[in-house]
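Work through the exercises below with the sequence and the model open. Each task is followed by a solution in steps.

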Amino acid sequence: MKDWRYWLAEQRGTLLALGIFIVMFIIYTSNHPAGFTANVVQTAANKGVLLAFVAMAQTLVVITAGIDLSVGMIFLLTNCLASWLVVGTPMQTTLGVIAVLAVGLLCGAVNGAIVIYGRLQPIVATIATGAVYYGIGLLLRPFPGGSVNEDLADAMTGRVFDVVPASLVVLFAIVLLIWVPFSRSVLGRAAYAAGSSETAAYMSGVPIRRGKFAAYTLAGLLAAIGGLFLTFFTYTGDAAYASGNAYTLFSIAAVVLGGVSLFGGKGSAIGAIFGALAFRTIGDLLFVFDFDPLWQPLFQGVILLIAVSLGAFALFRVRNRLEWFL
Amino acid sequence: MDSAVPLFRMEGISKRYGGVRALEKAELVVTSGSIHAILGENGAGKSTLIKVMAGVVAPDEGRMTLDGREVTFLSPAAANQAGIVCIFQELSLVPDLSVADNIVISDPPKRFGMIDRGAQRRIAEEALARAGAADIHPLALVKDLPLSRRQMVEIAKALARKPRILILDEATSALTAADVSKIFGVLKRLRAEGLALLYISHRMNEIAELADQCTVFRNGRNVASYKAGSKSDNEVVELMIGREYSHIFPPKPAAVPATAAPRLEARKLSWTDRLHNISLTVRAGEVVGLGGLDGQGQRELLLAFFGVLRGLSGEVLIDGKPVAISSPAAAREDRIGMALIPEDRKTEGLMLPMTVRENLSFAALDRLSKGGIIDRAAEQRLIDDMVGLLAIKTAGLDIPVGALSGGNQQKVVIAKWLMRQPRIILLNDPTRGIDVGTKQELYQLMRKLADAGAAILFYSTDYDELIGCCDRVLVLYDGAVKRELVGAEITERALIASALNIHGEESPVGLGASA
């Protein structure tokens, strides 16, 4: 049988992102003064997972043919919240983590409720809620500050068995605990179906609304996990507006690099993770080649353009020009 | 069949859309173990009837009983639950999911809360085999399959839901002959298993081969039910004819001499599997109709002329000279002078949030501007002319066009193109969903434009319009011209008969006298 070919076709976007990332990472480490060491990998992983979590969050929403411009702000809000709550005894810390994650879930649920039941366009709805989330974050931390349980933070940003970066292990666990069950559940399939053809999904009796709601809500949760990790790395809470916006925009870039279609219905969070890691590596590459950091935005833009162009070739095969606009 | 207890019954079902009544006290009785054909021309209410049965549309009044108990379906899912499964004309497959995903989409097999992919694969393979389509790979993405294969998947998907009543709405329209015979085998087996099947098709030979019972719909009512084979094709056509209302059509002038040079000509036009060797001519001053059932390639033909389709084969000639029209912008250039009044004015004809003025001048901006600057005075003059000519009723030129009534919106679309003084006008079912008064005005206008020297190609799903407005009608079937009707030959009987391809043996005529 040729099952593997269908599997390959389905995973093409993910594999392409993985390939781009591996090539870039090899170039990076082989030109790094220290080479491919546990330390270099750990630093890269810690920088990469932040965007990876936010990109996973974005993926869930993009699959439903929506977009979430509030992910970066949920990421900031939960960072600020964590700098208040994730402190003290192990018991208090645990409760703090749970509270932070619950707030992320709630933010996502609010987005979902507004988009699905309020029937607002995702772009507008999430710009508005994003501003609200940022506003709350700013009230929590008007100035950078706060602290975090350092034992937990160091464990999460350190290495397991002195080799594997703990942040990657957590990322892997989150994929197994959240993404895999979601993508294989009825709700996940409903999210894909709604993104691909909402009418067909409706006609087939698919629970579209619940699927989309689950996608938005889990996106909030994933952004909150990213926010927690930001706190673990920085030991502080900081409502930095520019950083929140950058994460939102980079998450969209990572999603596209990872082969997730902005038209919905297609792609995987795993692809988005590799997209995020690859996107992060661009900056590191410039560093090892001694480029001025001023070049970074320009290079990121060019790489993104190239990656997106790869996906546009299908338009050359269109026979009815009206399909260009579908 | 007569001993069977009615499985499903619809009584006094009515449904209105705005002022249009789609169903009026319709009745239907469905029995187990039989194939029931539903017949009727375009707009007779068949589609609405099925949508009511399948839970897509809620009826305004009437009741439905299943096994003698009254039922109401609030959603397609509820109807599925009750065992009523419909294969719709517009496919209900999700393009980015695999065949197997689609087949089990309504109720996927689960294990530990997740979809059991192994079980899903088995169900899909079994359903595909039952539908006689075991050649389709369950992991293939639906969007990568050709239309005929998708229809087979659609059928497999319906079978996987274990229906008691299976509705097939034009489910064979895109199938190859080989597939059709396979499907017929499947349907006959399902009948033997005790299913009730409702079969909607315009192909009389299919109905003759399959159906046990037939019901004819007209104007939203069931007008006759009879045992299949007890009536001749002609009697069936007679039952389908007969609309109540009639329009006032402008008188037709003497026929344009057949020797006149054609303004627009197509020679052996073909495009993918939708258009096959279409040849036709339209002369200046002529209104030529495109008839046939909905979706036989009429829309594609108009789009082909208008430069929207890529990969056309064959020739298009304007005033006898071959031209290559590569885009709508090229089609409207003066040397071609073509305008297309689209079918869906909301997406292809108007920019609803923009004002009447802006919408009106869009197509003619290049003529109204010098060096990129719009000549406001010239624009205003032309707009005033058009609003006057078409009697567009609007509270002002600067209100959003979306605020106008459907009829006036359609007038704006037409006026927009008339501002260019087109020499060739293509109309794609322009009177759909507009009121009778506006329709009449449009008929008058069409004739006036033709008299002024335009060549008009007019597609309509309303047979009365074709009869009342056209000098000639070309009837399309399956992407090819099946018959040309000229002058007094254009009758409802002839239109329906050739639309159903009852006179399939006749050779296609399209070139008219210039052939």
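Two strands count as paired if DSSP finds at least two bridges between them. The model used throughout is predicted.

**Exercise 1.** Give the strand order of the open sheet that contains E18 of chain B, and state which strands stand at its edges.

Solution.
- Step 1: pairing in this open sheet of 6 strands is mixed, and the order in chain B reads E18-E21-E22-E15-E23-E24.
- Step 2: the edges are strand E18 (338-341) and strand E24 (480-486) of chain B; each has a single partner strand, so one side of each lacks a neighbour in the sheet.
- Step 3: from one strand to the next, the twist averages 20°.

**Exercise 2.** Find how many bridges join E15 to E23 in chain B, and which helices lie on this sheet.

Solution.
- Step 1: strand E15 (residues 287-291) and strand E23 (residues 472-477) of chain B run parallel and are joined by 4 bridges.
- Step 2: Leu290(B) has Leu474(B) in E23(B) as its bridge partner.
- Step 3: helix H9 (residues 298-305) of chain B packs on the sheet and touches E15, E18, strand E21 (424-428), E22 and E23 of chain B. The direction of H9 makes about 150° with that of E21(B).
- Step 4: helix H18 (residues 492-499) of chain B lies across E15, E23 and E24 of chain B, at about 25° to E23(B).

**Exercise 3.** Describe the open sheet of chain B that contains E6, and the helix H1 that lies across its strands.

Solution.
- Step 1: the order is E6-E9-E10-E3-E11-E12 (chain B), an open sheet of 6 strands with mixed pairing.
- Step 2: strand E6 (84-87) and strand E12 (221-227) of chain B are the edge strands, each pairing on one side only.
- Step 3: the average twist between one strand and the next is 20°.
- Step 4: strand E3 (residues 34-39) and strand E10 (residues 196-200) of chain B pair in the parallel sense over 5 bridges, with Ile35(B) opposite Leu197(B) in E10(B).
- Step 5: helix H1 (residues 46-53) of chain B lies across E3, E6, strand E9 (165-169), E10 and strand E11 (213-218) of chain B, and runs at about 150° to E9(B).

**Exercise 4.** Where in chain B is confidence lowest, and where is it highest?

Solution.
- Step 1: chain B has a mean pLDDT of 84, with 93% of its residues at 70 or more.
- Step 2: helix H11 (residues 345-349) of chain B is lowest, at a mean of 73, and strand E22 (residues 455-459) of chain B is highest, at 94.
- Step 3: pLDDT is below 50 over residues 504-515 of chain B, a stretch with 22 contacts in the model beyond near neighbours in sequence.
- Step 4: for the complex, the predictor gives an ipTM of 0.80 and a pTM of 0.75.

Key:
Residues numbered from 1 in each chain as written. Chains lettered and ligands numbered in written order. Predicted model: local features only at pLDDT ≥ 70, side-chain atom pairs only at ≥ 80, totals over all residues. pLDDT = per-residue confidence, 0-100. Helix = DSSP H or I, 4+ residues; strand = E, 2+ residues; numbered from the N terminus. Contact = placed C-beta atoms within 7 Å. Axes fitted to C-alpha atoms, helices over the stretch in contact; angles between N-to-C directions.
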